[in-house]
Amino acid sequence: MYNEVLWFIFAIVNFILVLAIYRLFGKPGLFVWIGFSTVAANLQVVKTVELFGLTATLGNIMYGTSFLITDILNEKYGKEEAKKGVWLGFFTLIAMTIIMQFVLAFNPHEVDFAQGSLETIFGLLPRIALGSLLAFLISQYSDVIIYSKIKARFPKDNQLWIRNNGSTMISQLLDTLIFTSIAFIGVYPFDVWIQIFVTTYFIKWLVALIDTPFIYIARTFHKNKEA
């Protein structure tokens, strides 16, 4: 149970830090976190662990915080600001991918010890990189649109949990389908792909549930000023 307990603590710490950066720096802090979370999630995803009896990769919590951010932006500042956050995260992910490929292309010095580790983390197969980029853009953009539509149908303050969970769980399902399809169909047998798809979405679904109290807290911040 060590990994499971640590995973829940890790999730709470991530969401507390999101609240902290928003409380301290307002809306700019949310935009900074989106860029940071897209990079950090793609670093963490190379580590494989066992959670709840399932083989899983890390990064889902950090990735989930970006959906919380776009929901906060949508809730408090409107759909256009949420879309701006999506494009910021997408550009950050592309920039990191391009820059790190240049870094890997340099011939290392004979005393260098980092090249192998950098290749492990950043030497992505093209289809995995493509899957990650497309999944992020499509799912995040869908999250913004779905949130707005649900908000129009359920606009009350006590219905915030419907907006948050509904948009995130649907868009995360789309994200998982796109990424696992591009990255793994044809690489693994179909039954293995199904297992990867189900376990990945299950963990993202848990993250979506955990972030619900935090969007309620975030809504109380910066009520009297545009920040």
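Let me start with Val13, which lies in helix α1, residues 2-25, where helices are DSSP runs of H or I with at least four residues and strands are runs of E with at least two, numbered from the N terminus. This is a predicted model, in which local features need pLDDT of at least 70, side-chain atom pairs count only at pLDDT 80 or more, and totals for chains, interfaces and linings use all residues. Residues are numbered from 1 along each chain as its sequence is written, and side-chain values use heavy atoms, with hydrogens and water left out.

Val13 is partly exposed, with a relative accessible area of 39%; buried means under 20%, exposed over 50%, and partly exposed in between, with a 1.4 Å probe and protein chains only.

Now to the loop between β1 (48-51) and β2 (54-57), where we find Phe52. Phe52 has a phi near 55°, a positive value in a residue other than glycine. As a general point, most residues other than glycine have a negative phi. Phe52 also counts as partly exposed, at 30% relative accessibility.

Finally, please look at helix α6, residues 126-153, which holds Ile150. Is Ile150 buried or exposed? Ile150 is buried, because its relative accessible area is 15%. Leaving aside residues up to four places away in sequence, Ile150 touches Ile162, Arg163, Gly166 and Ser167, a contact being heavy atoms within 4.5 Å. For one of these, Gly166, the separation from Ile150 is 16 residues in sequence, while the C-alpha to C-alpha separation in space is 7.7 Å.
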